[in-house]
Amino acid sequence: MYKLVLDSDGLIKLIKAKVPFEAIHNFKLTIPNEVFDEVVTEGKKGMHEDAFTAEDLAKKGLVTVYRCKKTQSKSFDEGLGKGELAARQALAELKASAILTDDKQFIEALIRDNVPFLMPADFIISLAGAKEITGGKARGLLANLKPFIDDVQYDRSKKGLEEMEDGD
């Protein structure tokens, strides 16, 4: 089982893609409490539909909410928020495989510090590769995600899915 820690951007993008969380069995998805507060508590104040979906995922246990043992008092990189800092801390505490994010500034910091990460489109491809979903379902999820990611990432992911399917 692969343990992934999601930041707010990663969680919201998976929700927007309409990822079938119920079908995920080889991945344990965790969000730090700070991400829950950002997405759900603050999101519900703004009546964001994603907030209610995220809350439902947590209630059903499809996404685990984790309270970090340690808290970061300052950013390891200027401009990163509590959610990103908590995701990085949770990765270490849980000995997770990677952080799932689509936040460009956070990704730059993760690359610089050699911290493993996945982007939401990569995760969709991973679901197909792990036979959690079909290739057709993955194409549909990528299409749902397309308005929320850049064209380069979308094209790269679509090509990766095609290559994976050609290898089957």
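Contact, as the word is used in these exercises, means heavy atoms within 4.5 Å. The structure is a predicted model, in which local features need pLDDT of at least 70 and side-chain atom pairs count only at pLDDT 80 or more, while totals for chains, interfaces and linings use all residues. Residues are numbered from 1 along each chain as its sequence is written, and side-chain values use heavy atoms, with hydrogens and water left out.

**Exercise 1. The surroundings of N33**

Task: Determine where N33 is placed, whether N33 counts as buried or exposed, and which residues N33 is in contact with once its neighbours within four places in sequence are left aside.

Solution: Begin with the secondary structure, where helices (H or I, at least four residues) and strands (E, at least two) are DSSP runs, numbered from the N terminus. N33 has its place in helix α2. Next take the accessibility, for which buried means under 20% relative accessible area, exposed over 50%, and partly exposed in between (1.4 Å probe, protein chains only). N33 has a relative accessibility of 16% and therefore counts as buried. Finally, with its neighbours within four places in sequence left aside, N33 is in contact with V65, Y66 and R67.

**Exercise 2. Helix α2 against helix α3**

Task: Describe how the axes of α2 and α3 cross, and which residues of α2 and α3 meet.

Solution: Two packed helices are described by the angle between their axes and the distance between the axes. Axes here are lines fitted to C-alpha atoms, for helices over the stretch in contact, and angles run from 0 to 180 degrees between N-to-C directions. The axes of helix α2 (residues 33-45) and helix α3 (residues 49-59) come within 8 Å and cross at roughly 130°. Angles under 35 degrees count as roughly parallel, over 145 as roughly antiparallel, 65 to 115 as roughly perpendicular and the rest as oblique. The helices α2 and α3 are therefore oblique to each other. On the α2 side the residues are F36, V39, V40, G43 and K44, and these meet A51, F52, A54, E55 and A58 in α3. The residues of this contact of α2 with α3 divide into seven nonpolar, one polar and two charged, where Ala, Val, Leu, Ile, Met, Phe, Trp, Tyr, Cys and Pro count as nonpolar, Asp, Glu, Lys and Arg as charged, and the others, Gly among them, as polar.

**Exercise 3. Helix α6 and its two partners**

Task: Work out how α6 is oriented relative to α7 and to α1, and what classes of residue make up the contact with α7 and with α1.

Solution: Take α7 to start with. The axes of α6 and helix α7 (residues 135-145) come within 9 Å and cross at roughly 170°, and α6 and α7 are therefore roughly antiparallel to each other. P120, A121, I124, I125 and A128 of α6 make this contact with A138, L141, L142 and L145 of α7, and by class the residues are nine nonpolar, no polar and no charged.

Now turn to α1. The axes of α1 and α6 come within 9 Å and cross at roughly 55°, which makes α1 oblique to α6. This contact is made by G10, K13, L14 and A17 of α1 and P120, F123 and I124 of α6, and the classes are five nonpolar, one polar and one charged.

**Exercise 4. The nonpolar cores**

Task: State how many residues the largest nonpolar core has, which helix gives the most to this core, and which residues I124 is in contact with beyond its neighbours within four places in sequence.

Solution: A nonpolar core is a set of buried Ala, Val, Leu, Ile, Met, Phe, Trp, Tyr and Cys residues joined through side-chain atoms within 4.5 Å. The largest has 36 residues, and those with the most contacts inside it are L4, L11, V19, F21, L29, F123 and I124. Helix α6 (residues 120-129) gives the most to this core, with six residues. Leaving aside its neighbours within four places in sequence, I124 is in contact with A17, V19, I133, A138, L141, L142 and L145. A second, separate core has 14 residues, including V5, A90, A109 and L110.

**Exercise 5. Positive phi in two loops**

Task: Locate K18 and M47, and give the phi value of K18 and of M47.

Solution: K18 is found in the loop between α1 (8-17) and β2 (27-32), and its phi is near 65°, a positive value in a residue other than glycine. With a relative accessible area of 58%, K18 is exposed. M47 is found in the loop between α2 and α3, and the phi of M47, also a residue other than glycine, is near 55°. M47 has a relative accessibility of 61% and so counts as exposed.
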